[in-house]
Amino acid sequence: MDFLMSGLAACGACVFTNPLEVVKTRMQLQGELQAPGTYQRHYRNVFHAFITIGKVDGLAALQKGLAPALLYQFLMNGIRLGTYGLAEAGGYLHTAEGTHSPSRSAAAGAMAGVMGAYLGSPIYMVKTHLQAQAASEIAVGHQYKHQGTFQALTEIGQKHGLVGLWRGALGGLPRVIVGSSTQLCTFSSTKDLLSQWEIFPPQSWKLALVAAMMSGIAVVLAMAPFDVACTRLYNQPTDAQGKGLMYRGILDALLQTARTEGIFGMYKGIGASYFRLGPHTVLSLFFWDQLRSLYYTDTK
């Protein structure tokens, strides 16, 4: 039940935040490995990107990749939050004195995130491809020509096998380790601290909401460079064997981006990341916490 509630919570958040994921993906691919000022900026900021995509690609384009995004969120976060929830319920995240342990929480969050992200990697890759697809006048990054999620997975599997489907999976793990450990550690620590201070009544929805808001800020700042590199790893063109033609791995992607585009290149799309990850973190953690509270209250 923990896994089901976790997956449903993440899907609920995804429906609202997917348009920001589309914007973030496009902004992260804009000017890829090009020095600042040497390329045309189709997307000047988050709000301009929304307007541009809506005008040129149509309003429906703002929900591109929603099907794989929902599937990925259910699979990845169902495993991630479900595993973390079981560890928390089992008392593994507390010290012998009964206090919350940030180090154990971070380690559990990272391990749970790795499991979910690796299994869901092919879905995430297809989601990235679909969200990057755009009309030629506003296209950024490599343009795949997928017709849908199932067609894309089938085509990649037939051409490159399982290796092709899990291309970039290892490179995507640092992003998830940093993001998941930061998110779950800061959420649990903040919630524990607020409970000790008795700012809100016990089991109040405000407690989960404030803890999730603090967690969202921490996640965006820690995860942005890895998120940019991950998007580019998944979206790069490949040779006949399915090997990436631009980057050898996550470290190479980070180094090439920093060398060519500067430190700010590693934080491309951070505005969209904040507007997406902030609400997504708040909504998914809030839904997760409330669903668990309802379930465990009803079963008592």
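This passage describes the fold, surface and charges of a predicted chain, and then one lysine. In this predicted model, local features need pLDDT of at least 70 and side-chain atom pairs count only at pLDDT 80 or more, while totals for chains, interfaces and linings use all residues. Residues are numbered from 1 along each chain as its sequence is written, and side-chain values use heavy atoms, without hydrogens and water.

The chain has nine helices and zero strands. Helices are DSSP runs of H or I with at least four residues, strands are E runs of at least two, and both are numbered from the N terminus. The C-alpha trace spans about 55 × 40 × 35 Å along its principal axes.

Of the 300 residues, 53% are buried (under 20% relative accessible area; exposed is over 50%, partly exposed in between; 1.4 Å probe, protein chains only). Contact means heavy atoms within 4.5 Å. Among contacts between residues at least 6 apart in sequence, 79% join residues at least 24 apart.

The chain exposes about 13,700 Å² (Shrake-Rupley method, 1.4 Å probe; for residues, only the protein chains shown count as cover). Carbon and sulfur atoms supply 67% of this area.

The chain carries 23 positive and 16 negative charges, and their mean positions are 7 Å apart. Lys and Arg count as positive, Asp and Glu as negative; His and the chain ends are not counted. Each charge is placed at NZ of Lys, CZ of Arg, CG of Asp or CD of Glu.

Lys-24 lies in helix α1, residues 2-29. Lys-24 is buried, with a relative accessible area of 1%. Beyond its neighbours within four places in sequence, Lys-24 contacts Tyr-124, Asp-227, Gly-269, Ala-272 and Ser-273.
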